[in-house]
Amino acid sequence: MALVDAPMLMALDGVVAQLPTDVVARAKTYLRLSGNGKTGAYSDPAGHLWVREAIASFIARRDEDSTVAPDPQHIIADGATNAVRIIMQLLIAGPSDGVLIPIPQFPLFTALISLCGGTVAPYYLDESVRWGFNVQNLEMSVQKLKDDGVTPRIMVVINPGNPTGQVFTRDTMEDVVRFCHEHNIILLADEVYQDNIYGADRVFHSFRKVILSMPSPYNTTSCISLHSTSKGAVGECSRRGGYMELLNIAPNQRAQMLKLCSINLSSNFNGQVMTALMCSPPVEGDESYPLFRKEYDFILSGLKERAELLTKELNSIEGISCNSVDGAMYAFPQIYLPPKYVARCAALAQEEEVAADARWALELLEATGVVVVPGSGFLQQQGTFHFRTTILPPQDQMMAMTSAIRAFHTKIMESYA
Ligand SMILES: Cc1ncc(COP(=O)(O)O)c(C=O)c1O
């Protein structure tokens, strides 16, 4: 990335000598492919073809036994958030277009659905089955939409999940595909956490691969999947790298999507380089491979250790219960709030509208300095309270955080018993 941004570094004495040969070769290739070393010009709005080819090869390697090869022309490489914006703009014309979103939700989706004037149709993840869900509930959500004169257009599935940290089983994924196919709904598979899998009995399956492995007609289900350079071991969120891949999307819809992209004139270049790097990491035999492998394994095994530790610590606090963090970067524990505490929050809420778990989070912050996000910010089953926290901090900070939460919540439980 640095060499592509500042190619003159390669002419400085000693710089090239300090870098692995494959890194220098890669920078030269990217510079050549991007316009003979001039990277500041507008690029294709869907991203440089060489970047989309790198993404297509990555998908083909990841989903090795898929029957349909990914096509670079069906890939738009301009970030994950931008992709969601374009999808919502294209598929929502007004309140009669509905989008099914998982609750607890990731606010990006509700925000963009509101901005585009569409209707949010919630479906609830089930905490009692590791935040899985039952397709029966989906049928109910769709029926309610239809009764209200709303056509379901998109179903958002976040796997691995934010904020719930779940990883769906293949059976659940197949149920989702059948459901989307039967109701003619486009599946929006948010798979930005696909590298972040920790649960011993969970593996990541891409929706693309699941769809293509299903019998006809389900293998023709429309799906748009997302990936990003913000998560995984890369974690370069501000570079805004990522892509969407379109599977079984009608040519006229694809053309409209490209038209919407072209309003931007160009995909951002650094995000494209970051995405190409994520999609074509060093391979065995490259000089940079041993260091890459070491750093990658260190980051992911650290996340896995902390996912297990955080679950264990949270579950050892009276009044808090937490599903295992099977994937992504978050725990979403349930907090038991004594009725007297909830009543006090309700009385205070008359002066200032703050949900009971939001007040709990504010009081936790004031008492301990620990910041968590209240469950009400993500929506949750009525009458339940949660908060979201993350496995990102180093282990010692995480232990300090859980012991502060323990002391704080124990006091609440005793004072309001
Ligand atoms: C589930 C989910 N989808 C999409 C995004 C957006 O990714 P990016 O910031 O790379 O566009 C995030 C970011 O946190 C996320 O958690």
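Reader: Where is P160 found in this predicted model?

Author: Helices (H or I, at least four residues) and strands (E, at least two) are DSSP runs, numbered from the N terminus. Read in that way, P160 is found in the loop between β4 (151-158) and α8 (170-182), and P163 has its place in the loop between β4 and α8 as well. The model is predicted, so that local features need pLDDT of at least 70 and side-chain atom pairs count only at pLDDT 80 or more, while totals for chains, interfaces and linings use all residues. Residues are numbered from 1 along each chain as its sequence is written, and side-chain values use heavy atoms, with hydrogens and water left out.

Reader: Which residues does a cis peptide bond join, with omega of about -10 degrees?

Author: Most peptide bonds are trans, and most residues other than glycine have a negative phi. Here a cis peptide bond joins N159 and P160, with omega about -10 degrees, and another cis peptide bond joins N162 and P163, with omega about 10 degrees.

Reader: What is the phi of N248, and what is that of A328?

Author: N248 has a positive phi of about 55 degrees although it is not a glycine, and this residue is found in the loop between β7 (242-247) and α10 (251-262). A328, also not a glycine, has a positive phi of about 60 degrees and lies in the loop between β8 (320-321) and β9 (330-331).

Reader: Is A328 buried or exposed?

Author: Buried means under 20% relative accessible area, exposed over 50%, and partly exposed in between (1.4 Å probe, protein chains only). A328 counts as buried because its relative accessibility is 0%, whereas N248, at 33%, counts as partly exposed. V371, in the loop between α14 (356-368) and β11 (373-374), is exposed because its relative accessible area is 64%.

Reader: Which residues come nearest to the ligand?

Author: A residue is near a molecule if one of its heavy atoms lies within 4 Å of it. Of the 13 residues around the ligand, T81, D190, S228, S230 and K231 come nearest.

Reader: Which polar side-chain atom lies 2.5 Å from an oxygen atom of the ligand?

Author: A polar contact is a pair of N or O atoms within 3.5 Å. The atom belongs to S230, while an N or O atom in the side chain of D190 is 2.5 Å from a nitrogen atom of the ligand. For R240, an N or O atom in the side chain is 2.9 Å from an oxygen atom of the ligand.

Technical notes:
A polar contact is a pair of N or O atoms within 3.5 Å; within protein, one must be able to donate a hydrogen and the other to accept it, and residues adjacent in sequence count only if both atoms are side-chain atoms.
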